[in-house]
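This report describes a single protein chain.

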Amino acid sequence: MLQPDANLDIPSPYYRVSLKAIVFDDDNRLLVIQTQDGFWELPGGGWEHGESMQHCLRREMMEELCLGVKHIDFKRIYPYSSKGRTGHFRLKLAVPVTVQDYDVKISDPDIKAHRFVTPQQLAKLDMVDSESGIKQHIPRIWPG
(Lines give C-alpha, C1' and ligand atoms only; values in the text may rest on other atoms or scores of the structure.)
Protein backbone atom coordinates (compact mmCIF):
# COMPACT_ATOMS: atom_id res chain seq x y z
CA MET A 1 0.00 0.00 0.00
CA LEU A 2 1.29 3.44 -0.93
CA GLN A 3 1.85 5.61 2.10
CA PRO A 4 1.64 9.40 1.65
CA ASP A 5 4.94 11.14 2.27
CA ALA A 6 4.52 14.16 4.55
CA ASN A 7 7.22 15.95 2.56
CA LEU A 8 5.38 15.72 -0.77
CA ASP A 9 3.79 18.96 -1.88
CA ILE A 10 0.66 17.64 -3.57
CA PRO A 11 -1.91 20.33 -4.37
CA SER A 12 -5.36 19.93 -2.95
CA PRO A 13 -7.96 18.56 -5.37
CA TYR A 14 -10.44 21.05 -3.93
CA TYR A 15 -11.69 23.68 -6.35
CA ARG A 16 -14.09 26.44 -5.41
CA VAL A 17 -16.45 26.91 -8.37
CA SER A 18 -18.00 30.29 -9.10
CA LEU A 19 -20.47 31.31 -11.77
CA LYS A 20 -19.95 34.74 -13.27
CA ALA A 21 -22.44 36.69 -15.37
CA ILE A 22 -21.49 38.23 -18.70
CA VAL A 23 -24.01 41.07 -19.00
CA PHE A 24 -23.94 43.53 -21.90
CA ASP A 25 -25.93 46.74 -22.09
CA ASP A 26 -27.57 48.08 -25.27
CA ASP A 27 -24.24 49.65 -26.29
CA ASN A 28 -22.35 46.30 -26.09
CA ARG A 29 -20.53 47.30 -22.93
CA LEU A 30 -19.83 44.68 -20.25
CA LEU A 31 -21.05 45.01 -16.66
CA VAL A 32 -18.29 44.88 -14.04
CA ILE A 33 -18.37 45.48 -10.31
CA GLN A 34 -15.77 47.02 -8.01
CA THR A 35 -14.91 45.42 -4.69
CA GLN A 36 -14.33 47.46 -1.54
CA ASP A 37 -10.56 47.11 -2.02
CA GLY A 38 -10.82 48.81 -5.42
CA PHE A 39 -10.46 45.84 -7.75
CA TRP A 40 -12.89 44.93 -10.54
CA GLU A 41 -14.60 41.65 -11.42
CA LEU A 42 -17.64 40.19 -13.13
CA PRO A 43 -20.79 39.89 -11.02
CA GLY A 44 -21.56 36.45 -9.66
CA GLY A 45 -20.30 34.15 -6.98
CA GLY A 46 -20.04 30.74 -5.41
CA TRP A 47 -21.96 27.82 -6.82
CA GLU A 48 -23.42 26.10 -3.77
CA HIS A 49 -23.69 22.33 -3.33
CA GLY A 50 -27.01 21.03 -4.64
CA GLU A 51 -27.80 24.27 -6.48
CA SER A 52 -28.42 24.39 -10.23
CA MET A 53 -26.30 26.69 -12.38
CA GLN A 54 -29.42 28.63 -13.31
CA HIS A 55 -30.47 29.13 -9.69
CA CYS A 56 -26.95 30.20 -8.70
CA LEU A 57 -26.72 32.89 -11.39
CA ARG A 58 -30.22 34.18 -10.63
CA ARG A 59 -29.51 34.25 -6.90
CA GLU A 60 -26.14 35.99 -7.25
CA MET A 61 -27.47 38.70 -9.60
CA MET A 62 -30.34 39.44 -7.22
CA GLU A 63 -28.17 39.33 -4.06
CA GLU A 64 -25.44 41.57 -5.45
CA LEU A 65 -27.20 43.98 -7.80
CA CYS A 66 -30.98 43.50 -7.43
CA LEU A 67 -31.13 42.48 -11.09
CA GLY A 68 -33.62 39.94 -12.38
CA VAL A 69 -32.40 37.48 -14.99
CA LYS A 70 -34.41 37.06 -18.19
CA HIS A 71 -32.21 34.52 -20.02
CA ILE A 72 -29.02 32.51 -19.47
CA ASP A 73 -27.07 31.22 -22.50
CA PHE A 74 -25.57 27.92 -21.36
CA LYS A 75 -24.39 27.17 -24.91
CA ARG A 76 -21.45 29.50 -24.34
CA ILE A 77 -19.46 29.01 -21.14
CA TYR A 78 -16.04 30.62 -20.70
CA PRO A 79 -13.87 28.88 -18.06
CA TYR A 80 -10.86 30.36 -16.30
CA SER A 81 -9.06 29.42 -13.11
CA SER A 82 -6.58 30.76 -10.62
CA LYS A 83 -5.36 30.32 -7.10
CA GLY A 84 -7.40 32.25 -4.53
CA ARG A 85 -6.24 34.00 -1.38
CA THR A 86 -6.83 30.82 0.65
CA GLY A 87 -4.43 28.87 -1.56
CA HIS A 88 -7.22 26.78 -3.08
CA PHE A 89 -7.77 26.85 -6.79
CA ARG A 90 -10.83 28.62 -8.10
CA LEU A 91 -12.66 27.58 -11.22
CA LYS A 92 -14.78 30.34 -12.69
CA LEU A 93 -17.40 29.77 -15.35
CA ALA A 94 -18.52 32.95 -17.09
CA VAL A 95 -21.91 32.67 -18.79
CA PRO A 96 -23.80 35.18 -20.98
CA VAL A 97 -26.84 36.50 -19.10
CA THR A 98 -29.64 38.80 -20.24
CA VAL A 99 -31.11 40.87 -17.42
CA GLN A 100 -34.64 42.24 -17.18
CA ASP A 101 -33.36 45.83 -16.96
CA TYR A 102 -30.17 47.76 -16.19
CA ASP A 103 -31.44 49.40 -13.01
CA VAL A 104 -28.53 48.28 -10.81
CA LYS A 105 -29.02 48.67 -7.08
CA ILE A 106 -25.95 47.47 -5.21
CA SER A 107 -27.16 45.38 -2.29
CA ASP A 108 -23.93 43.58 -1.33
CA PRO A 109 -21.74 45.44 1.19
CA ASP A 110 -18.62 44.00 -0.48
CA ILE A 111 -19.42 45.88 -3.70
CA LYS A 112 -18.37 49.51 -3.95
CA ALA A 113 -19.44 50.41 -7.52
CA HIS A 114 -20.45 49.12 -10.93
CA ARG A 115 -19.95 50.26 -14.50
CA PHE A 116 -20.24 49.09 -18.09
CA VAL A 117 -16.96 48.85 -20.02
CA THR A 118 -15.70 48.36 -23.58
CA PRO A 119 -13.24 45.58 -24.47
CA GLN A 120 -10.38 48.10 -24.36
CA GLN A 121 -11.42 49.33 -20.92
CA LEU A 122 -11.77 45.76 -19.58
CA ALA A 123 -8.26 44.92 -20.77
CA LYS A 124 -6.88 47.84 -18.71
CA LEU A 125 -8.93 47.32 -15.53
CA ASP A 126 -7.16 46.48 -12.29
CA MET A 127 -8.89 43.18 -11.57
CA VAL A 128 -8.86 40.81 -8.61
CA ASP A 129 -6.09 38.25 -9.28
CA SER A 130 -8.56 35.37 -9.38
CA GLU A 131 -10.67 37.27 -11.92
CA SER A 132 -8.09 38.48 -14.43
CA GLY A 133 -8.38 35.23 -16.42
CA ILE A 134 -11.54 36.56 -18.06
CA LYS A 135 -9.34 38.89 -20.11
CA GLN A 136 -8.17 35.93 -22.23
CA HIS A 137 -11.77 35.56 -23.46
CA ILE A 138 -12.27 39.20 -24.55
CA PRO A 139 -12.25 38.41 -28.31
CA ARG A 140 -14.81 35.60 -27.86
CA ILE A 141 -17.29 37.07 -25.40
CA TRP A 142 -18.01 40.39 -27.11
CA PRO A 143 -21.09 40.46 -29.37
CA GLY A 144 -20.46 41.05 -33.04
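## A loop position and its partners

Gln 100 is placed in the loop between strand 7 and strand 8. The model in which this residue is described is a predicted one. Gln 100 has a relative accessible area of 54%, and it therefore counts as exposed.

Although Gln 100 and Leu 67 are 33 residues apart along the chain, 7.0 Å separates their C-alpha atoms. When neighbours within four places in sequence are set aside, the contacts of Gln 100 are Gly 68, Val 69 and Lys 70.

## Overall fold

The chain contains three helices and eight strands. Along the sequence these elements follow the order β-β-β-β-α-β-β-β-β-α-α.

Of the 144 residues in the chain, 43% are buried. Among contacts with a separation of 6 or more, 65% are between residues 24 or more positions apart.

In soluble globular proteins, nonpolar side chains tend to be buried together. Here the largest nonpolar core has 20 residues, and the members that touch the most others are Val 23, Leu 57, Met 61, Leu 65, Leu 67 and Val 97. At least two residues of this core come from each of strand 1 (15–22), strand 2 (30–35), helix 1 (53–65), strand 5 (69–72), strand 7 (89–99) and strand 8 (111–117). Another core, of 17 residues, lies apart from it; its members include Ile 22, Leu 30, Val 32 and Trp 40.

Which residues does Leu 57 contact, leaving aside its neighbours within four places in sequence? They are Leu 19, Lys 20, Ala 21, Val 69, Ile 72, Phe 74, Val 95 and Val 97.

## Helix 1 and the residue after it

Helix 1 has 13 residues, which at 1.5 Å a residue should span 18 Å; the end C-alpha atoms are 18 Å apart, so the two values agree. Its buried residues are Cys 56, Leu 57, Arg 59, Glu 60, Met 61, Glu 64 and Leu 65. The elements against which these buried residues pack are strand 1, strand 2, strand 4 (44–46), strand 5, strand 7 and strand 8.

Cys 66 follows helix 1 and lies in the loop between helix 1 and strand 5. The relative accessible area of Cys 66 is 35%, so this residue counts as partly exposed.

## Positive phi values

Most residues other than glycine have a negative phi. Cys 66, which is not a glycine, has a positive phi of about 55°. Asn 28, also a residue other than glycine, has a positive phi near 60°.

Asn 28 is located in the loop between strand 1 and strand 2. With a relative accessible area of 36%, Asn 28 is partly exposed.

## A buried glutamate

Glu 41 belongs to strand 3 (residues 40–41). Is this residue buried or exposed? Its relative accessibility is 15%, so Glu 41 counts as buried.

The side chains of Glu 41 and Lys 20 make a polar contact at 2.7 Å. Not counting residues up to four places away in sequence, Glu 41 touches Lys 20, Val 32, Ile 33, Thr 35, Met 127, Val 128 and Glu 131.

## Aromatic pairs

There are two aromatic pairs in the structure. One of them is formed by Phe 24 and Trp 142 and is edge-to-face, with 5.1 Å from centre to centre and 70° between the planes. Because Phe 24 lies in the loop between strand 1 and strand 2 and Trp 142 in the segment after helix 3 (138–141), the pair ties together parts that are 118 residues apart in sequence. Phe 24 is buried at a relative accessible area of 15%, and Trp 142 counts as buried at 12% relative accessibility.

Tyr 102 and Phe 116 also form an edge-to-face aromatic pair, at 5.9 Å centre to centre and 90° between the planes. Tyr 102 is in the loop between strand 7 and strand 8, while Phe 116 is in strand 8, 14 residues apart. Tyr 102 is partly exposed at 35% relative accessibility, whereas Phe 116 is buried, with a relative accessible area of 17%.

Terms used: Residues numbered from 1 in each chain as written. Predicted model: local features only at pLDDT ≥ 70, side-chain atom pairs only at ≥ 80, totals over all residues. Heavy atoms only, no water. Core = buried A, V, L, I, M, F, W, Y, C linked by side-chain atoms within 4.5 Å. Buried < 20%, exposed > 50% of the residue type's maximum accessible area, 1.4 Å probe, protein only. Helix = DSSP H or I, 4+ residues; strand = E, 2+ residues; numbered from the N terminus. Contact = heavy atoms within 4.5 Å. Polar contact = N/O pair within 3.5 Å; in protein donor to acceptor, adjacent residues only side chain to side chain. Expected span 1.5 Å × (residues − 1). Phe/Tyr/Trp six-rings, centres within 6.5 Å; stacked < 30°, edge-to-face > 60°.
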